[in-house]
Structures are given as structure tokens and as C-alpha cells.
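Hi everyone, thanks for coming. Let's take a look at the model on the screen together.

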Amino acid sequence: MHVYLDNAATTKVSTAAFRAMEPYFTEQYGNPSSLYAFGQKAHEAITEARERIATLLHCEPREITFTSGGSEADTQAIRSAAQWGAKRGKRHIVSTKFEHHAVLHTLESLQKEGFTVTLIDVHEDGIVRPEEVAAAIQEDTCLVSVMTANNEIGTIQPVEEIGKICREKGVLFHTDAVQAVGHIPMDVKKQQIDFLSLSAHKFHGPKGVGALIARKDIPLLSIIEGGAQERGRRAGTENVPAIVGMAEALEEACRKLEENGQKMAALRDRLTQGLLQIPHSVLNGDAEKRLPGHVNVCFEGIEGESLLLLLDEKGICASSGSACTSGSLEPSHVLLAIGRPHEIAHGSLRLTLSEETTPQEIDYTVEAVTQVVQYLRGMSPVWRDLVNGKQPFVIQ
Amino acid sequence: MALYSEKVMDHFRHPRNVGVIENADGIGEVGNARCGDIMKIYLKIENNVIADVKFETFGCGSAIASSSMATELIKGQPVSEAMKLTNKAVAEALDGLPAHKLHCSVLAEEAIKKALQDYADKQGVELEGLCLPEETACPACCGAPV
């Protein structure tokens, strides 16, 4: 059985998106910047895609800048806000401990350039408290950046409340909505979002394309220099097929959002309940305020990479926050941020569903994970010490 | 290219010598759970020969494969030979490890040397030439608050 449960990593391109893209590879391959009609056809396709996305997310078409994906959009948003702040003598930024590295690493760079950063707590449930955002905002704060939904544990943040606080205090608000767009309702106006980052391949669009939505009165800093594409805000010939595919995928995702969400949430809860039958396991992040397809569980006494390799043998694609899967020596900063000790964070498993996931796949996965965890615990000296009472269990 | 060689995957999928030896003649444990790797080696030594060896490992695929391969390399060997086991030999026998996983083979060497030292201590003998590892296998362990 082949079971793909890593949809937070990337998704399959939808048939509709794929079909929509096809003509722009071999038929309508003109350069949108070219003057002749053949090039203008491509330009029209981008314009139409921009209008469709604007309607779906409730912004103006000209507020959308197409990028290579979420990381570029995050970087551009934060750097633009920093430039805006620096001009006003505001060099303080508020963010959270569990942002994506595209945000955290950009903030680290800005710190070297003289900005100060406050990373607020995300609590054991993985939810940011709006009042703590308000309390962290200073006189010289230019930007608040809080993700809409966390990529590792799937918890959904109170974006609208944070947006309101920022607007009242005259601070720019950026949200990395890469995991959220196409999965939960987003409304840039209503949620008072000044910058929003999105990535197509998280909602059945193609890889290598995304967008930054930025309030029209905030100037954007161009981080890729060159031609005047995207009204001078992002140089480089537009990825026409990908942009068209992104718009098509987003329209489909938003149209089926409620139906797919309900279906996935039911399977997500079935999966969670099944996994938590395994002794000494715990769900990471709030059980309710989470994306419909997101499950993240820690198992005590085992390490995540060996768990993933054995699940791969059984045809299951999953991911983990263990150090060994990250290529670094530290386990997931997200799991550490919600208070999991290192040894527990190493034993994490993230399973993320799509609307194509079946109940049979869920039941097969629960059985497979149960077997593999038991097998790995059988050879783990850590587990032996826990069972023999030499060490106390962290997860009851 | 896959992350791991066929050999590594074979020893990971079918680890040799997993388990515990009751009343072992020597036990060595290295690593810590904070870093995500712990290896424990149990030795049964008869007439200066490694009559039996078992391991338990908490860790990634290459940690399990390195433990398995290291136990295979010393099983049936005289103590004097087992003492000479190097992390390089473990990694080579596995047809190589990715660079960031080499510390797994170092842990395997260290666990076996610690178990031999434990054996020597229990017997009240000195194993000439046995150099106990410096605790440098895992850069994250060193200096990191536990």
C-alpha cells in the first residue's frame, strides 16, 4: 500500500491545475513582457490569474506580487516592513518562537543590521495569545509577524485579533499563511493583514511559485534585481504556467474548502485517536484549533528518523521533527517552543492528510505506526530504563 | 541517490545481535537522549574471546546499523582484536555513511571500548593499549546543558 501522508511538505498537482498549465509550456510560451500579441497572450494569462487570486483572498489584484514561493514572499515581506520601519526610526519586530525558518532566519539577519526582535511564547497548545502580542509591541515596533497556521503542528493562530491589534497600534502585520491558504478561509481585508505569504504547492498547485500580498500603500523592497516585471517589485520573467496553475488550484481548493475540510478533519481525528492508543504518546498542539489535515504526535523512547525509515518500508510517507531528519543536531524548534524536552522532540511524527486520503489508509497507518513504535522500543535502552522505572516517563 | 547504502539499510532493517545479555561481563553505554542517540553494548567474554555481544540503541537508522555492524565485527574475535575496532572500520564495512552521520560509527566504537573497559575493571585487569574515547562523538552533546 502506498500512503502519502506528507501533504504539509507538498501536494499532488490537481488535474485541473495541470490541464490549465499545459498550454503555457508548448503553445502559449511567449514572454509576458514582449510587445507582440503572442507575448501579450501570456501577459493576459498572468493578469487573469492575479484577478482570480485577488477575488479569492479579498485583496486588490495590484496588491499581489508573484514570487518563487513562500520563503521568498516571507523574506520580501519582512525586509519591506523593516525598510518601512527604518525610515520612521522603528527598528523593533515582534514575532514568535515557532515561525518558519524563512521568517526566523530573515529576522536573524535583520538583528545583525541593528534591528531588535522579540519572539513571543507559543504555549504548550501551540497558540499565540493576542494580549501577549499587544504587550510586546513597543513605541519603535514596525512589524508583527505571526504565521496563520504552524507547518509542523498545524495549530491555527488568532490572526484576525492580532490584525486588529496591529492596525490599532499602527504596526504592520505580516502572516506566513503558507499552510493555511486553500485549507481554511482567509480574508486579507477582514483579518487586517498587511502582508500575506502563500505557496502554490501546498494546495495542489505547482512547486516553485507563490505570492506576496502586500497592502497597496506600503512600498515593497525588491529582493531580486533586474527587469521591471511585477511593476518593479520582483525582477525575472514570470513563471507563466506555474502562475496559471496556482490560480486554478486555489480556486478549486477554495471552492471545496468546507467539504474537504470536514472530510479531512474526521479522518484526522480518527488517526489521532488511533495513534494515541499507543502508550506514552501525546498530540502536539491544540486538538481543536488545528488544520483539518494535520496530526503531530510524540512517542516516548524512540527516535523519529528510524520511525520514518520503517514506515517508508511499509509504503507510508511521513515526516518528523527529529534532529536526524533535519540534517542538524537540534530537534524541531517548534516542538521545543511548545515545551517538549529534547528527548521527546526526537520521537515526533507528523502525518498530514489530503482530501484524497481514505479511511483504509488511516487504519493501515495506525496499525503500521503501532507496530513500528513497539519494535523500536524493543531495542531502545531508553525505553528499557523507563519501563524498569530507572527513569520517570515524561509522557504519561 | 538514497541517503544510505544498501548495507546500512540491510543492517537497519535486519539488525544483528539486538538484545541484552544477563550478567554480562562488560557493559558500555554512550550518547544521550537529548542528542537523539544512545547505544548500549553487552559483552560475554570467555577465554579472552568475545563469545557473545548484544546491543540496544535509541537513535536514527545509521545509529542502529552502526551498532549492528560493530557487534558483527567483534563477535568471536579475541579481546585484543576487538580493542582495535575503529569507527572508520565500522563505516567502511557499511559501505560508507553520510558525513553528518559519521558520529554514529564513532558512538559504536566508543560503546564497545567502554564495554571492554568495564570488563577489565570488573576483572581487575588492565587492557594494554585500550584507549577510551574522548567524549567528542556528538558535538551537540559537548558543552550542551543536559
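The largest pocket here has a volume of about 810 Å³. By pocket I mean an open set of points on a 1 Å grid over the protein atoms alone, where a 1.4 Å probe fits, with protein on both sides within 12 Å along at least five of seven lines; the volume is the space filled by probe spheres set on the points.

A quick word on the source: this is a predicted model, where local features need pLDDT of at least 70, side-chain atom pairs count only at pLDDT 80 or more, and totals for chains, interfaces and linings use all residues. Residues are numbered from 1 along each chain as its sequence is written, chains are lettered from A and ligands numbered from 1 in written order, and side-chain values use heavy atoms, without hydrogens and water.

Back to the pocket: 38 residues line it, with A:H100, A:N151, A:E152, A:S320 and A:R350 nearest its centre. Lining residues have an atom within 4 Å of a point.

Which domains of chain A supply that lining? Domain 1 (15-255) and domain 2 (258-387) each give at least three residues; the bounds come from an automatic or database domain assignment.

Those two domains have C-alpha centres 29 Å apart. Between them there is 1 salt bridge, meaning a side-chain nitrogen of Lys or Arg within 4 Å of a carboxyl oxygen of Asp or Glu. A:R340 forms a salt bridge with A:E124, their closest N and O atoms being 3.3 Å apart.

Finally, chain A and chain B share 3 salt bridges, including A:E305 with B:K101 at 2.9 Å between the closest N and O atoms.
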